Amino acid sequence: MPQNRIMLDVLKGKTVFPPPLWMMRQAGRYLPEYRETRRRAGSFLDLCYDPDLAVEVTLQPIERFGFDASILFSDILVVPHALGRDVRFEEGRGPLLTPITAAEIAALESKTFHVNLEPVYETVRRLRAKLPDETTLIGFCGAPWTVATYMIAGHGTPDQAPARLFAYREPAAFRQLLKVLADHSAAYLIRQIEAGADVVQIFDSWSGVLDDASFEQFCVQPVAEIVRQVRAVHPDVPIVGFPKGAGARYQTYRQETKVTGLGIDWTVPLEAAKDLQRSGAVQGNLDPLRLVAGGKALSDGVEAILAALGDGPLIFNLGHGITPETPIAHVEAMVKMVRSATRR
């Protein structure tokens, strides 16, 4: 593996300053070139499954900003789609699925799972061939809990009440769903690594809505199982976990899942982030709305993170995905601030 991918150095526990930099959702609607490619694709899923176009949009932010890492362009819901569930995306509404029932969980179709996802693996292969040698390539999946919330409700909800109720009322079926998703997500990540991904990230966007017992059962245990399965095949590939909204449970999550790096959201106090950093690399955690606002709000946010976390293993990122209304000039300013930073 090349020695000049600095994100990999940080994930090994090294301090690099200025830190490596990338953004969640960096290939997306804030870029006019993305919007044009998306228009040509026809539908969002067509874009995810067309290697030519998926490579194109993945490379767009690298060509424009020179980020240190590139994340595969896809979506967390390709996993249930590959398992035979209907998934569609509507403008202004986001992802829509037919809600799964307890009886349908056992009927999820595994036989063609990798066949259905072959276009994604082809995208990863092409990306590794086209990316600059120094750019880390990140593969990813959604965590079982977060993916399950969409499968059960059929769409995103503010507090994921449908999935929580389903888990309480149908505990055996819900455990089965999480197991199916954990096993197939692990297999999906393993194939991405074999296609060329240097790092994989597990997104748990809805971990913050759960109580303690549910967090342990629905977030920690399934992710720990994914990590175990991936490490059994690729023991040296770093795994980043991002349990958004985990709050005081971030440390427990890291210890019990054994992820290599920890993505932290913008609500995590920097003192708490510093404590988390003592156990390994952290990634984050600029409020995406500071990037929208720009100016002093942006510079203050960047400077605070670098001052608090810059003397340890840090991957500079947002505390969640970049929003569509973000001005490109603000992204350019953020990159310049991070890259030109000096130690105090």
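Is Tyr-34 buried or exposed? In this predicted model, where residues are numbered from 1 along each chain as its sequence is written, local features need pLDDT of at least 70, side-chain atom pairs count only at pLDDT 80 or more, and totals for chains, interfaces and linings use all residues. Side-chain values use heavy atoms, with hydrogens and water left out.

Tyr-34 has a relative accessible area of 5% and is therefore buried (under 20% relative accessible area, with exposed over 50% and partly exposed in between, using a 1.4 Å probe and protein chains only). Its ring and that of Phe-73 have centres 5.7 Å apart and planes at 55 degrees, so the two are tilted (rings of Phe, Tyr and Trp, the last by its six-membered ring, pair with centres within 6.5 Å; planes under 30 degrees apart are stacked, over 60 edge-to-face, and the rest tilted). Phe-73, at 7% relative accessibility, also counts as buried. Tyr-34 and Phe-73 belong to one aromatic cluster with Phe-44 and Phe-89.

The rings of Trp-145 and Phe-218 also have centres 5.7 Å apart, but with planes at 20 degrees, so this pair is stacked. Both Trp-145 and Phe-218 are buried.

Trp-145 is also among the residues that Ser-207 touches, as are Phe-215 and Arg-249 (contact means heavy atoms within 4.5 Å). Ser-207 is itself buried, with a relative accessible area of 0%, and its side chain reaches the backbone oxygen of Pro-243 at 3.2 Å and that of Lys-244 at 2.7 Å. The charged end of Arg-249 sits over the ring of Phe-215, 4.4 Å from its centre (CZ of Arg or NZ of Lys within 6 Å of the ring centre and within 35 degrees of the ring normal).

How values were computed
A polar contact is a pair of N or O atoms within 3.5 Å; within protein, one must be able to donate a hydrogen and the other to accept it, and residues adjacent in sequence count only if both atoms are side-chain atoms. Lists of a residue's contacts leave out its neighbours within four places in sequence.
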